[in-house]
Amino acid sequence: MDTIQGILNGMMREALSPQTAAVAIAVIGLNIHFGFTGLLNMGQAGFMLLGAYGMAISVWHGLPFAVGILFGLAAALVFALVLGVPTLKLRGDYLAIVTISAAEILRYVSRSSLLSDFTGAAQGIPGSQYAHPFQNLSFFGKGQFTLLPFNYLDVADGAAWVRIVGWLLLIGLITALVFVLRGRAGLSGNGRILAAIALGVVGVLLLFFLFPVPNQATGVNGWWVRFVAWALVAVCTFVVFLLVRSPWGRLLRGVREDEDAIRSLGKNVFSIKMQALIIGGLFGAIGGMIYVLPTSTQPDSMGRSLTFFCYTALLIGGAATIFGPVLGAVIFYAARIGIKYTAAAYIPDSIMNNQQTEQFSYIVVGVALMLIVIFRPQGILGNKRELRFDV
Amino acid sequence: MSEHTITPTGMADPAVRRDLVTRFDANPGASKPDPILVVDNIVRQFGGMTAVDVGHLEVQRGIITALIGPNGAGKTTFFNLITGFDRPTSAKQGAHWAFDGRTLDKTSASSVAQAGMVRTFQLTKALSRMTVIDNMMLGAQNQAGENLLKSVFRPAWRAQERDIEAKADELLDRFKLLEKKHDYAGSLSGGQRKLLEMARALMSDPKMIMLDEPMAGVNPALTQSLLGHIQSLRDEGMTVLFVEHDMHVVRHISDWVAVMAEGRLVAEGSADTVMSNPAVIDAYLGAHHDTDLGDDALLSDEALEEIAEEVAAEEAERQAEEEAEGLK
Amino acid sequence: MGRGAAGLIVALLFAPLLVMFTASTASAVDTLCLPGPDKACIAGTLRTEDGVLPDVTITITDEAGQAQEVTTSDTGKWNIQVEDEGTYVVKIDETTLPKDLVVDTGQVTVKAKFGATIPALLTIRTENYSASTSKFDELLQSTVNGLRLGLLLALASVGLSLIYGTTGLSNFAHAEQVTLGGMLGYFLINVHGLGLLVGGILVVLLCAFTGYFQDRVLWQPLRRRGLGLSQMMIVTIGLSLALQYVYQYLVGAGTVRVLQENPSVSEFGPITITNQSLAAMGISVVVLALVGYALLRTRVGRATRAVSDNPALASASGIDTDKVIRLVWTVAMGLAGLSGLLYALVVNGVKWDSGLQILLLLFAAVTLGGLGTAFGALVGALIIGLVVEVSPVVGMPGDFKYATALLILILLLLVRPQGLLGKPQRVG
């Protein structure tokens with residue numbers, strides 16, 4: 001029982017970790033590229049890297065935190081323009097080759113020893129050099145933040161009734177949220193949206209207090225990073241929801257289906273694709289910043305593999321869906337840890353040693369990616385009907 | 001249909017049209033009293049082969065003009081050139097064309113459409129994985145909600161969206177597609193897709209609609225209604241230019257016919273007279289000896305093969321065009 | 001393709017790898033120095049142009065004259081943590097160096113900064129190298145190295161290009177097939193003691209079989225299902241990920257060698273080259289020539305080019321495209337395996353990510369030459385190989401040698417998107 005508890009705890013920790021949230025945001029961006037517009041961006045890790053380094057280098061060299069964020073976003077914007085101008089008029093595979101190459105160039109440059117004063121070379125920039133302004137913003141205080149019987153270190157000294165009440169409350173909130181979103185609560189328009197946001201925020205807050213998950217990351221700020229990361233995931237999802245339900249989102253899907261048809265209807269396809277590339281890239285940059293806040297900014301952690309993981313997560317959840325990226329990222333990371341821990345716990349060392357369980361989990365990831373694309377290309381949330389017609 | 005449509009100029013009356021075209025000069029490249037499209041010196045070469053070489057062509061406003069010719073005559077390439085989907089080889093050597101007084105030499109495909117000249121494709125480009133209504137909505141011009149910044153604020157585009165949808169419903173009803181409104185376009189039959197594409201093009205209130213082989217792959221039952229739709233567009237004052245190689249269709253509905261062969265404009269004339277023009281007979285017989293002009297039996301195996309060939313040719317053209325675009 | 005069969009298929013895909021199950025893991029773990037808010041690191045790698053130098057003592061002296069010592073690890077790496085910012089003098093203890101080495105820079109001064117790892121660059125050369133290395137000689141040497149790399153890349157990229165040409169698929173798992181060649185070489189020749197020739201032939205045959213097998217159980221059924229090309233491409237990414245970690249699972253993260261003994265060296269004027277490299281270049285040239293001949297002169301080669309040009313037309317004129325594609329997969333994987341084996345021999349080892357490191361070079365070569373043109377890939381590969389090896393000599397920082405190749409690719413796409421040998425347009 002303890003073993004299972006350990007595995008589940010590990011999965012939960014991974015599912016809620018800020019890195020998972022960061023990747024979820026990057027996948028939300030990738031979904032705009034690949035899912036909605038059909039752009040084969042193979043360099044999402046490059047956008048993340050630019051966001052991360054833009055912020056980290058700025059703060060490391062004494063600029064304000066806000067300026068750092070702006071630099072990160074600006075770098076991603078410029079990157080999207082530089083990649084898009086030459087390739088968006090060409091066939092799709094050129095974008096794939098150019099984006100993956102450009103992302104690798106960025107990685108080579110950022111790990112070059114010539115720039116070590118600037119980027120910290122292959123070792124990167126340790127989090128302690130740039131994370132403090134972010135941590136200072138924390139309103140979780142120094143571990144004393146208490147809301148009624150809750151504080152984030154423990155739930156009312158572990159009293160069972162508090163936890164049960166909390167869970168019931170959470171279930172109630174989720175039910176209410178579903179009602180509001182389906183339009184059954186008698187609200188309409190902005191009132192409905194506001195109610196949904198309010199319920200969502202309260203629900204997320206409650207969720208954080210309800211998980212007595214071992215706080216693995218940096219001391220008092222572990223929850224703060226998690227809170228900000230997941231709040232951003234919610235905001236980004238909401239923005240994408242607004243975007244793709246609009247006529248602009250319809251245009252994106254039109255471009256994905258047939259560029260020439262859209263052109264013949266008097267729309268500037270190049271400009272639409274560029275907008276999509278930029279918006280998705282900015283999400284990538286935000287994801288990159290979150291990705292490095294709790295740890296350090298290292299070039300090799302944002303290489304091709306990360307882009308591939310993003311694709312895996314996107315396809316698990318379902319491309320061209322609103323919640324697919326978030327669901328996919330959570331499942332991807334939680335399942336990988338689950339596989340690894342299960343293998344470590346139940347397969348004897350003589351067959352699979354500790355290091356091999358890690359590799360085993362990635363083998364499963366690769367095979368899973370193949371099987372998903374072959375047997376369930378629409379992912380968990382996708383619409384099979386929509387995929388039936390081949391273009 | 002809409003306030004932007006050109007006011008009917010009396011073209012609904014067959015007698016008026018007949019009277020008008022008898023005043024036209026029946027030489028290739030002849031001038032027209034009120035041309036909406038004027039084309040000069042367009043040459044397109046693929047490798048060493050000249051696909052299109054048109055010296056001068058004028059298209060009269062308000063009537064149905066057919067552009068016919070045997071396979072490989074360069075009709076589709078010509079369409080691609082004047083709608084901005086391809087660049088003429090003669091781009092800097094005197095190529096010039098204008099639509100409704102506006103020069104289009106350097107205009108992109110999307111701007112051509114915005115200027116009021118909207119086309120359809122030989123291989124129907126219905127957006128399969130989108131619903132019929134979404135297909136239609138995409139056709140409308142100047143949508144505020146298609147601006148990235150405004151798109152997140154629903155109130156900025158909600159009213160306009162409602163108007164566009166009403167208009168789309170009206171058109172769908174006219175083309176008998178209303179009950180398919182929420183189906184995916186991919187689930188429609190070939191003929192329905194042609195109708196959808198035409199209806200979608202009309203969403204932009206074009207001054208002239210250019211149809212690339214509207215009858216290809218459409219079953220005979222639908223052909224009749226398609227022809228009816230084209231005629232009623234003309235009767236409402238729209239200019240129609242369409243590409244066809246089936247002479248039978250041409251004779252039925254077109255007021256004026258231009259004939260292309262091997263890339264050149266070889267003849268012009270009214271539908272009844274042009275068929276007896278020696279240059280036209282020569283062009284058709286030169287291309288395929290055993291075809292009876294205007295014969296319904298064109299849909300034989302041979303004709304189907306030809307269609308397949310043209311499809312392949314268009315595919316190759318499209319690739320060349322993409323590559324050419326990449327070169328810009 | 002039944003759902004139940006899928007697991008079996010994937011298992012079978014990896015079947016050739018199971019042969020390697022007896023491999024052992026042995027990689028020295030490098031100690032890591034993590035800089036902190038009040039800590040700085042100084043680090044470096046000690047190497048000659050021949051390889052890394054383990055067990056060399058390095059002395060680090062601070063401003064106050066206090067000295068610390070570190071010893072380089074098995075991979076030639078060393079690092080040290082310091083508690084104060086300021087200048088440090090880093091010096092090699094020359095008595096701990098192996099013989100026949102000449103110290104170029106035996107002492108450097110670095111400025112430590114909190115929260116950062118500062119590299120200290122100490123340069124050492126072997127005696128015969130430092131004797132007379134003029135810029136021109138260096139250029140000659142790197143040109144030869146570039147040709148060598150280019151030829152090996154060409155072997156793999158010709159296949160990649162043919163696959164792209166005949167199926168339209170960008171195969172991201174191609175690099176893992178290159179690694180497979182090296183890994184099988186390690187297993188058959190090093191572990192199981194087969195002769196180089198017999199083992200080598202067996203490696204190529206096994207790799208070719210994986211190509212045949214993959215197309216049979218995976219790619220052909222997927223083509224029949226009408227899976228889109230971008231989806232197929234993502235399947236290759238999945239395969240690539242899975243294969244990488246299978247290699248790591250079986251042989252660990254370290255480098256393994258195909259041959260135990262050190263290679264012998266030949267000298268031609270200023271150029272030094274191992275005999276293995278010479279042989280590898282010779283084999284590459286012969287094999288590439290054979291492939292070229294087959295494509296131009298044989299019936300099946302012409303059929304391949306026809307399919308590559310226009311699959312619909314080719315199949316209409318009676319060519320069995322499926323058969324051609326099957327053959328292309330088989331040959332392409334065989335070539336990739338050969339390339340991997342030779343690569344492992346030439347650079348003296350293969351790692352789980354050896355292929356991954358050259359994947360982009362392969363794509364660059366194929367795109368540079370013109371997507372889908374086999375001869376374009378050959379030209380592209382030679383150019384990429386030369387750029388990678390020559391650019392550091394002509395002043396590009398060594399860190400950027402791969403980046404340079406990719407940059408050239410991107411710049412070329414701007415002016416000539418169809419690649420060097422690609423046709424600018426087709427007659428319609």
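## A helix pair in chain A

H2(A) and H14(A) are roughly perpendicular to each other, a label that applies to angles of 65 to 115 degrees, while those under 35 degrees count as roughly parallel, those over 145 as roughly antiparallel and the rest as oblique. The axes of helix H2 (residues 18-37) of chain A and H14(A) cross at roughly 75 degrees and come within 9 Å. Such axes are lines fitted to C-alpha atoms, for helices over the stretch in contact, with angles from 0 to 180 degrees between N-to-C directions. Helices (H or I, at least four residues) and strands (E, at least two) are DSSP runs numbered from the N terminus.

The model is predicted; local features need pLDDT of at least 70, side-chain atom pairs count only at pLDDT 80 or more, and totals for chains, interfaces and linings use all residues. Residues are numbered from 1 along each chain as its sequence is written, with chains lettered from A and ligands numbered from 1 in the order in which they are written.

On the H2(A) side, Val23(A), Ala26(A), Val27(A), Leu30(A), Asn31(A), Phe34(A) and Gly35(A) meet Phe309(A), Cys310(A), Ala313(A) and Leu314(A) of H14(A). Two residues are in contact if their C-beta atoms, placed from the backbone, lie within 7 Å. The residues of this contact divide into 9 nonpolar, 2 polar and no charged; Ala, Val, Leu, Ile, Met, Phe, Trp, Tyr, Cys and Pro count as nonpolar, Asp, Glu, Lys and Arg as charged, and the others, Gly among them, as polar.

## The interface of chains A and C

Chain A has 44 residues in contact with 45 residues of chain C. On the chain A side, the elements giving two or more residues are helix H5 (92-110), helix H14 (304-317) and helix H16 (354-375). H16(A) provides the largest share, 14 residues. By class, this side of chain A has 30 nonpolar, 11 polar and 3 charged residues.

Pro397(C) lies in the loop between helix H13 (374-390) and helix H14 (401-415) of chain C. Leaving aside neighbours within four places in sequence, Pro397(C) is in contact with Ser112(A) and Leu114(A). Pro397(C) is partly exposed, with 16 other C-beta atoms within 10 Å; a residue is buried if 20 or more other C-beta atoms lie within 10 Å of its own, exposed if 12 or fewer, and partly exposed in between, with C-beta atoms placed from the backbone.

## Nonpolar cores

The largest nonpolar core has 303 residues, and those with the most contacts inside it are Ile25(A), Leu153(C), Leu362(C) and Ile384(C). A nonpolar core is a set of buried Ala, Val, Leu, Ile, Met, Phe, Trp, Tyr and Cys residues joined through C-beta atoms within 7 Å. Helix H11 (residues 321-346) of chain C gives the most to this core, with 17 residues.

Apart from neighbours within four places in sequence, Ile384(C) is in contact with Gly150(C), Leu153(C), Leu361(C), Ala364(C), Ala365(C), Leu368(C) and Ala405(C). A second, separate core of 23 residues includes Ala40(C), Leu46(C), Leu53(C) and Val70(C).

## A sheet in chain C

An open sheet of 3 strands in chain C has the order S4-S1-S8, with mixed pairing. Strand S4 (77-82) and strand S8 (117-119) of chain C stand at the edges, each with a single partner strand, so one side of each is left without a neighbour in the sheet. Neighbouring strands are turned by 25 degrees against each other on average, direction ignored.

Strand S1 (residues 40-45) of chain C pairs with S4(C) in the antiparallel sense over 6 bridges, where pairing requires that DSSP find at least two bridges between two strands. Cys41(C) stands opposite Gln81(C) in S4(C).

## Chain B and its covered strand

Chain B contains 12 helices and 10 strands, and buried residues make up 46% of its 328 residues.

In strand S8 (residues 239-244) of chain B, 6 of 6 residues are buried. Thr239(B), Leu241(B) and Val243(B) lie on one side, and Val240(B), Phe242(B) and Glu244(B) on the other. Strand S3 (residues 64-68) of chain B pairs with S8(B) in the parallel sense over 5 bridges, with Leu67(B) opposite Val243(B). Strand S7 (residues 208-212) of chain B also runs parallel to S8(B), joined by 5 bridges, and Leu211(B) stands opposite Phe242(B).
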